[in-house]
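Biologist: I would like to learn how to read a structure like this one. Please take me through it step by step.

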Amino acid sequence: MVNFLEWIYGPAAHSDPYFVLLRDFWLLTPWWYPYLWLGILGTIVLVKLARFGLRRRAARAGIKRVQRRTEQLLRSSQSEPPMQRIMRQAANDDISRRAV
């Protein structure tokens, strides 16, 4: 990295304060520092992906539960006798008995 900085700054690199600052930062940076940041960013990405996967799995389970319940209700409504469905009326349905 120091060679790269010297190539960028040219022959007067050692007199440039920015070069000296960058060189000192690079030389004093521990070897594990970039891996620390990769680990932190990788952990954040993995946590977000895990949450996304859990939410997606929960949504699938909810959809299956609703479909199962809907099918169960449809089967139960089709299994009762047709006359019972026709006989269902509201409790206050006495319009036909009123005098017109």
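Biologist: Of the 12 residues of α2, how many are buried?

Modeller: First, the ground rules. This is a predicted model, where local features need pLDDT of at least 70 and side-chain atom pairs count only at pLDDT 80 or more, while totals for chains, interfaces and linings use all residues. Residues are numbered from 1 along each chain as its sequence is written, and side-chain values use heavy atoms, with hydrogens and water left out. Now burial: buried means under 20% relative accessible area, exposed over 50%, and partly exposed in between, with a 1.4 Å probe and protein chains only. In α2 the number buried is 1 of 12 residues, so the helix lies largely in the open.

Biologist: What share of the residues of the chain count as buried?

Modeller: The figure is 7% of the 100 residues.

Biologist: How many helices and strands does the chain have?

Modeller: Both are DSSP runs, numbered from the N terminus: helices are H or I with at least four residues, strands are E with at least two. Here there are 4 helices and 0 strands.

Biologist: How do I check the span of α2?

Modeller: The expected span of a helix is 1.5 Å times one less than its number of residues. For the 12 residues of α2 that should give 16 Å, and its end C-alpha atoms are 16 Å apart, which agrees.

Biologist: Which side chain reaches a backbone nitrogen at the start of α2?

Modeller: A polar contact is a pair of N or O atoms within 3.5 Å; within protein, one must be able to donate a hydrogen and the other to accept it, and residues adjacent in sequence count only if both atoms are side-chain atoms. Here a side-chain oxygen of D16 comes to within 3.2 Å of the backbone nitrogen of Y18.

Biologist: How many aromatic pairs are there?

Modeller: Rings of Phe, Tyr and Trp (its six-membered ring) pair if their centres lie within 6.5 Å; planes under 30 degrees apart count as stacked, over 60 as edge-to-face and the rest as tilted. That rule gives 4 aromatic pairs. One of them joins Y9 and F19: the centres are 5.6 Å apart and the planes at 65°, so the pair is edge-to-face. Y9 sits in helix α1 (residues 2–9) and F19 in helix α2 (residues 17–28), so the pair ties together parts 10 residues apart in sequence.

Biologist: Is F19 buried or exposed?

Modeller: F19 is buried, at 0% relative accessibility.
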